[in-house]
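Student: Could we go through this structure together and test each term against its definition?

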Amino acid sequence: MYKAIFRYIFSILFIFTSVSFSFGQNDSLYVPKEEKEPLELKGIKFGLNVGRFSDYLFKPERISYEASFDFNLSHKYYGVIEAGYSEIDMEKDNYHYVSDGTFFKIGMDYNMLKKYPSDFFGVGVRLGRADFKHSAQNVLIEPDHWPSYTTSIDSKSYNTYWLEVSFGLKGELLKNVYFGWSAIVKIAVSGREDVDFQPYDIPGFGKGAKSINLGANYYIYYQIPFNRK
Amino acid sequence: MSFQRVPFITKMKIIKYILPLLIITAIIISCSDDQCNSETDSLLKCELIVTDTNLTAIKFIDSLSIYSPEWSDSIHYSEEGSDNCLLFTLSPESDTTEIVFTSKQAEFKDTIYIYYQREFVFLSPECGFVVNCKIDTVLNTYNYIDSLKIIKDEITTNVQGHIQIYF
């Protein structure tokens, strides 16, 4: 069912972005010059992932924050640094699971727009790393015939690496204020699995039980007024 | 190099893009199943092989029951057994499980002692934790039991352990 839903999301995103992109390209208001721009820092955006705040509604066991800096290099290439924090406190009838950790991502975005360099429509790649720990208390085991048994699982720490491929767009809503979203495929590289105590949620990566996670980010960015024409 | 600035994405377009995404995200999250649909018992299959003609004559297996001193009940072959097999879980609290074999048709009892290592495994957020085991050895008394063989020493929620007991 999830596969079908995600296929649906990607189809919708693809159609919207394709249509928008083709409309944009027909706009004749821009007359860019032909020469290649040198690779130099043309702007910095600071972003906050507002999608994470949906956890308050949909995943109350999780609190997470994520922020990013992107460095505009020639309007075509953007260096990106993203970092965040995630905390899980999940209390169920038969266990109390806690986890917390940080994540850090570094990568590049490639802008496919030629006529609208202050906006973005393109693809990106990231390398992500999460450092986190988790533990469980009040673990209740109730097998048939045996008396109930309660135990605890000691805290364990992990370093997880993954790769991300994303595509999305950013548009300037107000002066220096951008909104953007991206659809992401995350592929685990190492440190995800633990046969004894599989992490429930890896900060920045998502479900620990899956080697590939899909996701979407919703960002609000502030363009630091720097070197802007 | 200079550009005439025209926002690529208008506010209307943003609304058009954001709303479907938010709605779909909400649908995905609301579709999450919070029920445990996986097997949570790690079972040991105990296969009973009767070669003693005296025991066969008294229908030893049909009246066989097993229990552990820590249980408040028993497993009766006539109710829960089939194909000469009984299934049960090992103690989650200890590395040793003692199982007593008794039959209404037989005068004596036999006991097996299963020694194993335990692992607590986080199966899923919905199901919580389960206990997987790896059998080291099994010892037994010899009133009716002739011998015993470990066929599969690993016991998980996906894979049943397997021992054969020859009477």
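This is a predicted model: local features need pLDDT of at least 70, side-chain atom pairs count only at pLDDT 80 or more; totals for chains, interfaces and linings use all residues.

Tutor: Residues are numbered from 1 along each chain as its sequence is written, chains are lettered from A and ligands numbered from 1 in the order in which they are written, and side-chain values use heavy atoms, with hydrogens and water left out.

Student: What makes E1(B) and E4(B) a pair?

Tutor: Strands are DSSP runs of E with at least two residues, numbered from the N terminus, and two of them pair if DSSP finds at least two bridges between them. Strand E1 (residues 43-49) of chain B and E4(B) have 5 bridges in the antiparallel sense, so they meet that definition. Within this pair, Cys46(B) stands opposite Leu86(B) of E4(B).

Student: Why are E4 and E8 of chain B said to stand at the edges?

Tutor: The open sheet of 4 strands runs in the order E4-E1-E10-E8 (chain B), with mixed pairing. Strands E4 (85-89) and E8 (147-152) of chain B each have a single partner strand, so one side of each is left without a neighbour in the sheet.

Student: How do you know that E7(B) and E9(B) pair?

Tutor: Strand E9 (residues 154-155) of chain B and E7(B) share 2 antiparallel bridges, and the definition asks for at least two, so they count as paired. Lys134(B) has Glu154(B) in E9(B) as its bridge partner.
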